[in-house]
Amino acid sequence: MAKVIKFPVEPPRKLGPKKVHKRKKADPEDHGQLNLFNQIVAETRVRSLQSGNDFFEEALALDDQGDPFAENMYLRAIEHEQSIADAYCNLGILMSRREEYAKAVDYLTKSLAVNPRHFEAHYNLANVYSDLGNFGLAKMHYEISTEIAPSFPNSYYNLGLVLVSLKQYDAAAQVIQQYIELSPDYNHEVAHDLIRTLKDFGR
């Protein structure tokens, strides 16, 4: 008979989404120098045409207030070429909260099509795949997110839960230990209990 792991939390909850809260500065490593130049030219042209309207910032303000009109404003930001990858990412979070997972995956992958190194898009896409039970893809995107932003602790914790689901218990304990080392002390109780459970299970 196979062993059954009894977790300290049934089941352990993954940590939530990470929204893009402000417009990111362009990184030459994300797009290449030529694309960066083209992006600057395009943004300058758009700003001159739109009379100062910042639809992405308006969308963020509405989103932070829980206003459903935020979705429309993110779409307008994309239409006006404002923070396209960030807007798609935040739309993906909105869709995942509504459990409209197909739309969430669509928006998050569009964010990555614009910027393949978009940290929040990888992290949030991993969360969606985890919710859908596609642990292989969740693992891949959490691992990418740890490569892009190695100091963000939540990626390690959620990756640990995915590794448990994949029965990779030693690896799960290792990444949850990394979460403990990177996160504030008050977050550690459940993580320590989970590591102890994994170690006991491995004996």
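With which side chain does the side chain of N158 make a polar contact? The partner is the side chain of Y123, at 3.2 Å. A polar contact is a pair of N or O atoms within 3.5 Å; within protein, one must be able to donate a hydrogen and the other to accept it, and residues adjacent in sequence count only if both atoms are side-chain atoms. The model is predicted: local features need pLDDT of at least 70, side-chain atom pairs count only at pLDDT 80 or more, and totals for chains, interfaces and linings use all residues. Residues are numbered from 1 along each chain as its sequence is written, and side-chain values use heavy atoms, with hydrogens and water left out.

N158 sits in helix 9. Helices are DSSP runs (H or I, at least four residues), numbered from the N terminus. N158 counts as buried because its relative accessibility is 0%; buried means under 20% relative accessible area, exposed over 50%, and partly exposed in between (1.4 Å probe, protein chains only). Leaving aside residues up to four places away in sequence, N158 touches K14, L15, Y123, N127 and Y142. Contact here means heavy atoms within 4.5 Å.

Two loop residues were examined for backbone geometry. E99 lies between helix 5 (84–97) and helix 6 (101–114). Its phi is positive, about 65°, although E99 is not a glycine. E99 is exposed, because its relative accessibility is 58%.

K167 occupies the loop between helix 9 (153–165) and helix 10 (169–182). K167 is not a glycine, yet has a positive phi of about 65°. With a relative accessible area of 60%, K167 is exposed.
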